[in-house]
Amino acid sequence: MLPLHIDVKDRLVLIIGGGKIAYRRLSLFLEEGAEITVVSPDVVKEIENLHDENLLKWVKKEVELSDLENAHIIIAATEHPSINEWVAENANKFQLVNVVSNVDKGNFLVPKSVKRGRLSLSVSTNGASLKACKRNL
């Protein structure tokens, strides 16, 4: 994998799933000014609160093919690996897809990173060990 930084400001980031991992991922993109849509029948309270504050859009349903169409970045973060993999298989070749349950099914990773002003440090094990990344940053 090639490490790079990407400007997501005003880009549509689609989060499939509404649990704690989905919340952690969407928080990163929200901080960078992305337009967030969450597709999930249920979400954790933190996501519901962000929706209530109009900071993201929540579509309360199971994911469908039409949901994927306009997303620049897709995070497949359900607790069902088969749904996450379906998302990756049905995204188009121009979309960036992260599959939290199997990093090999997506085409990008979200590294552990730290920002200090204009300095950004990122560490990745290419999906091998999140704990190792956390220890080293």
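Ground rule for naming elements: helices (H or I, at least four residues) and strands (E, at least two) are DSSP runs, numbered from the N terminus. With that rule I placed Asn 54 in the loop between helix 2 (45-52) and strand 3.

Housekeeping next. I am working on a predicted model, where local features need pLDDT of at least 70, side-chain atom pairs count only at pLDDT 80 or more, and totals for chains, interfaces and linings use all residues. Residues are numbered from 1 along each chain as its sequence is written, and side-chain values use heavy atoms, with hydrogens and water left out.

**Overall fold.** I counted five helices and seven strands in the protein chain. Along the sequence they read β-α-β-α-β-α-β-α-β-β-β-α. I looked up the radius of gyration (taken over C-alpha atoms) and the globule rule (2.2 Å times the number of residues to the power 0.38). The chain comes out at 14 Å, close to the 14 Å that the rule gives for 137 residues, so it is as compact as a globular protein of that length. Its C-alpha trace spans about 40 × 30 × 25 Å along the principal axes.

**Surface.** I got an accessible surface of about 8700 Å² for the protein chain, with 49% of it belonging to carbon and sulfur atoms; the areas are Shrake-Rupley with a 1.4 Å probe, and for residues only the protein chains shown count as cover. For burial I used under 20% relative accessible area as buried, over 50% as exposed and partly exposed in between (1.4 Å probe, protein chains only). Of the 137 residues, 35% count as buried.

Which strand order does the open sheet have? I read 3-2-1-4-5, five strands with parallel pairing; two strands pair if DSSP finds at least two bridges between them. Strand 3 (57-59) and strand 5 (96-99) are the edges, each pairing on one side only. From one strand to the next the twist averages 15 degrees. Axes here are lines fitted to C-alpha atoms, for helices over the stretch in contact, and angles run from 0 to 180 degrees between N-to-C directions.

I then zoomed in on strand 2 (residues 35-39), which pairs with strand 3 over three bridges. In that region Val 39 stands opposite Val 59. Helix 1 (residues 20-31) lies across strand 1 (12-16), strand 2, strand 4 (73-76) and strand 5, and runs at about 165 degrees to strand 2.

**Cores.** A nonpolar core is a set of buried Ala, Val, Leu, Ile, Met, Phe, Trp, Tyr and Cys residues joined through side-chain atoms within 4.5 Å. The largest one has 19 residues, and Phe 29, Ile 36 and Val 38 have the most contacts inside it. Helix 1 gives this core its largest share, three residues. I listed the partners of Ile 36 beyond four places in sequence, and they include Val 13, Leu 26, Phe 29 and Leu 56; contact means heavy atoms within 4.5 Å. I also found a second, separate core of 14 residues, with Leu 14, Val 39, Leu 68 and Val 99 among them.

Most residues other than glycine have a negative phi. Asp 10, in the segment before strand 1, has a positive phi near 65 degrees. I logged Asp 10 as exposed because its relative accessibility is 57%. Back at Asn 54, phi is positive too, about 60 degrees. Its relative accessibility is 69%, so Asn 54 also goes down as exposed.
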